[in-house]
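Hi,

Here is the structure I said I'd pass on. Have a look first, and my notes on its aromatic rings follow below.

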Amino acid sequence: MWRSLHIVYSALIFHGYLTAYLSEAYGLSDTMVANLNIVRTYFMMMVGSFVAGFVSDKVGSRIKFIQYVFVGMAVFATVYLLIPTGGAAALPLIVANFLCFGLCLYSIKALYFSTIDEVFVPKRLAGTASGVISLVTYAPEMFLYTVSGNMVDKYTETSTPLRGYQNCFTAMAVMSLIGFVCGAVLRYLNKKQRAKMEAEGINELA
């Protein structure tokens with residue numbers, strides 16, 4: 001679980017460079033970029049959180065929901081690499097992709113801590129688990145802003161100034177696929193634990 005959340009927060013940091021990419025690759029005005037930042041910060045968080053809670057309840061498993069949203073993140077991150085740059089005709093598509101990726105990202109973010117009971121963490125250790133999860137999840141803040149900034153700045157004065165952003169998108173896609181695999185492993189381990197508890201006649205962990 002903690003590895004998946006670590007991946008989500010890393011993708012969140014990379015996602016912060018998207019508005020700058022839209023400005024450089026498609027010539028968006030400062031006003032448009034500011035508006036997209038507002039949408040990214042508030043609208044996506046609000047809508048993504050609501051959708052995540054509603055859909056995960058319908059699915060019956062927050063981990064399963066998160067696992068398949070990672071697939072969406074991988075797809076939308078890859079689409080960034082496929083949409084041609086420099087043309088105004090592609091702008092609606094790139095903005096739509098921006099919204100779709102953001103909704104996926106923030107829907108997972110909304111469910112960070114709701115998976116604790118689903119992974120059979122004993123209730124007496126829920127506080128400790130939350131602390132460990134927070135430590136690992138937010139650890140990328142210590143280094144990833146520097147790493148991602150260097151990835152972007154490295155190509156600023158070259159003939160391919162957008163290459164750094166594209167490397168960020170590639171990293172987002174790869175991390176999303178890793179998140180999907182982590183989710184699959186976690187569901188497998190949960191299934192084994194549930195079978196073990198049922199065999200021992202245990203309904204829940206104290």
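Let's start with F169, which is buried at 1% relative accessibility (buried means under 20% relative accessible area, exposed over 50%, partly exposed in between, with a 1.4 Å probe and protein chains only). Before going on: this is a predicted model, where local features need pLDDT of at least 70, side-chain atom pairs count only at pLDDT 80 or more, and totals for chains, interfaces and linings use all residues. Residues are numbered from 1 along each chain as its sequence is written, and side-chain values use heavy atoms, leaving out hydrogens and water.

Now the ring pairs. Rings of Phe, Tyr and Trp (its six-membered ring) pair if their centres lie within 6.5 Å; planes under 30 degrees apart are stacked, over 60 edge-to-face and the rest tilted. The count comes to seven aromatic pairs. In one of them, Y80 and F101 have ring centres 6.3 Å apart and planes at 65°, so they are edge-to-face. Y80 is in helix 4 (residues 62-82) and F101 in helix 5 (residues 91-109), so this pair ties together parts 21 residues apart in sequence. Helices here are DSSP runs of H or I, at least four residues, numbered from the N terminus.

Y80 is buried too, at 1% relative accessible area, and F101 is buried at 0%. Y80 also pairs with F169, this time stacked: 4.8 Å centre to centre, with 25° between the planes. F169 lies in helix 8 (residues 163-199) and Y80 in helix 4, so that pair ties together parts 89 residues apart in sequence.

Finally, ring pairs link Y21, Y26, Y80, F101, Y165 and F169 into a cluster.

Cheers

Technical notes: Helices (H or I, at least four residues) and strands (E, at least two) are DSSP runs, numbered from the N terminus.
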